[in-house]
Protein chains: 2
Amino acid sequence: MYEQQDDAMNILASDLPEKDTTCHHDHRVSCSNCRLGSLCLPIAVSSDDIDQIDNIVLRSRPIDKGNHLFNQGDSFKSIYAVRSGAIKTYSLSASGKEQINGFYLPGEIFGMDGISDFSHASSAVALERSAVCEIPYDSLGKLSNELPSLQRHFMQLMSREIANDQKLISLLGKNSADERIAALILSLSARNVRRKFSATDFRLPMSRTDIANFLGLTIETVSRILSKFSKQNVIELQNKEMRIIDMDRLRSIAGID
Amino acid sequence: MYEQQDDAMNILASDLPEKDTTCHHDHRVSCSNCRLGSLCLPIAVSSDDIDQIDNIVLRSRPIDKGNHLFNQGDSFKSIYAVRSGAIKTYSLSASGKEQINGFYLPGEIFGMDGISDFSHASSAVALERSAVCEIPYDSLGKLSNELPSLQRHFMQLMSREIANDQKLISLLGKNSADERIAALILSLSARNVRRKFSATDFRLPMSRTDIANFLGLTIETVSRILSKFSKQNVIELQNKEMRIIDMDRLRSIAGID
DNA sequence: GTGTCGATTTGACATGCGTCAAATCGCACA
DNA sequence: TGTGCGATTTGACGCATGTCAAATCGACAC
């Protein structure tokens, strides 16, 4: 759990003895006090505007692992921001195959498919106990009319989603299994950095099966390649705890030369 | 060339001798007179509103095959609608590989990547002589504030783009070469129908190389599978002229059971 | 602890698709 | 009509990754 991670780090540093290892964030904390800050909201909006956003955001109690936020076909009402934990979205193709479309970490927004025909094109499920903010779409639309920077930000989020999808398309269409897995590790690392956590040490929130599904591989191939990377001292991996040992090597495997 | 196709068909029927095979549409025709009609614009907007849209749309002269509308990295100014012909968009990955992200046929909108960071994430090039409408993004934004249905429509277009990308991700990650090719043929057929053309007879606007690139295959595999489909009497293919003979079979190959 | 069950790893083998090479086609242009 | 060259097809072969099977690990209940 990412939100717990810095608590755990503080304990290791043992300079803040009043902290404990349980997640004790008030899940109703306002946007202005949210440590994720501009990760999910536009940096440009003023304090007054943030209060307005605060008013439309719904903060539910944490979602347990395996629980769904919405299902494919559900009528579309809201978009969501991850506060803590991790979410995956997946869709069933016409032939009934499940395809994971994305993993979402704290500060990231999901659920923007579904705007097109008012029903969700994918399902969203918690990979671990997670907290999410729900932002009703009609309120967001109204507020956007008053806050141009919010509207722009929202457009940018959708557009970024498209750009991400297109990177994944390229990865699946053009890259080997080694390259796909290296790219995923680097993506998780970069997103960890974005949240001010370690670039080299983090926990994989998803199972090997999920990684395989997402990358268009089998679980056996994923396992073999992770073992190979470990043997080659590119990473260290114990269960889901990942440590990147040779970042340059990983980049070169991923094809970022 | 799709806009020429019905001219060509009329000539075959030889009941309209005054038509010729050259493209003689006035490329400056207004939105309200455009035969594509609600394919690209929201069906909900009134005539008055359409005039307003008309005023912001730029209609350039036709683009020759191989010419670019924009290049990856160009600053983002407009989105585009295909009037006639066909456009492909592609992007270069970090490792320099080209990935075709989509083919766009008359009535379809492209160029919506790039909103996120004000620069295009892909390049767009004409597959054949094509006419496109250019819609400046800032004018569109302003007009959207006055026309809620336009704003909604635009959101829907972006969201549909996401849904399309996710279908492609699933196709690339989970389906065999046979299935991918069958799915592409069916997609082109369905989009032909949307434009009131034949579901079974159409011209592939792209090369085998483009098909291979788009579907994450090699040109040899594409060629072999198209040959196989022909031998099995699922399709008839002469060069780029496609005729679907056994639609049900094609659907079952694509995995739509 | 001990048992149970799903998750992961590892190995042996099979195959779909890529690679390399050569033939053929089709269109532009002389 | 011929000539050239890129596009496409076809064949032979190899390899990356899938499939099947079995061993091992890890988390959780009791």
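**Reading the model**

Reply: Consider contacts to begin with: two residues are in contact if their C-beta atoms, placed from the backbone, lie within 7 Å. With neighbours within four places in sequence left aside, B:Ile87 is in contact with B:Leu69, B:Val82, B:Tyr104, B:Phe110, B:Ala124, B:Val125, B:Ala126, B:Leu127, B:Ser130 and B:Val132. This is a predicted model, in which local features need pLDDT of at least 70 and side-chain atom pairs count only at pLDDT 80 or more, while totals for chains, interfaces and linings use all residues. Residues are numbered from 1 along each chain as its sequence is written, and chains are lettered from A and ligands numbered from 1 in the order in which they are written.

Me: Which residues touch the most other members of the largest nonpolar core?

Reply: A nonpolar core is a set of buried Ala, Val, Leu, Ile, Met, Phe, Trp, Tyr and Cys residues joined through C-beta atoms within 7 Å. A residue is buried if 20 or more other C-beta atoms lie within 10 Å of its own, exposed if 12 or fewer, and partly exposed in between. The largest core here has 71 residues, and A:Ile87 and B:Ile87 touch the most other members. Another core, of 57 residues, lies apart from it and includes A:Leu188 and B:Leu204.

Me: Is A:Gly216 buried or exposed?

Reply: A:Gly216 counts as buried because it has 24 C-beta neighbours inside 10 Å. Its place is the loop between helix H6 (208-215) and helix H7 (219-231) of chain A; helices (H or I, at least four residues) and strands (E, at least two) are DSSP runs, numbered from the N terminus. Beyond four places in sequence, A:Gly216 is in contact with A:Leu172, B:Leu172, B:Gly173 and B:Lys174.

Me: How many residues of chain B are in contact with chain A?

Reply: There are 34 residues of chain B in contact with 35 residues of chain A. On the side of chain B that touches chain A, H4(B) gives the largest share, 16 residues.

Me: What rotation superposes chain B on chain A?

Reply: Copies are superposed by least squares on the C-alpha atoms of residues with pLDDT of at least 70 in both. A rotation of 180° with 0.0 Å of shift along its axis does this, with RMSD 0.0 Å. The two copies are therefore related as by a two-fold rotation axis.

Me: Which residues come nearest to DNA strand C?

Reply: A residue is near a strand if its C-beta atom, placed from the backbone, lies within 6 Å of it. Of the 17 residues around DNA strand C, A:Ser207, A:Ser223, A:Ser227, B:Ser176 and B:Thr221 come nearest. H7(A) provides the largest share of this surface, 6 residues.
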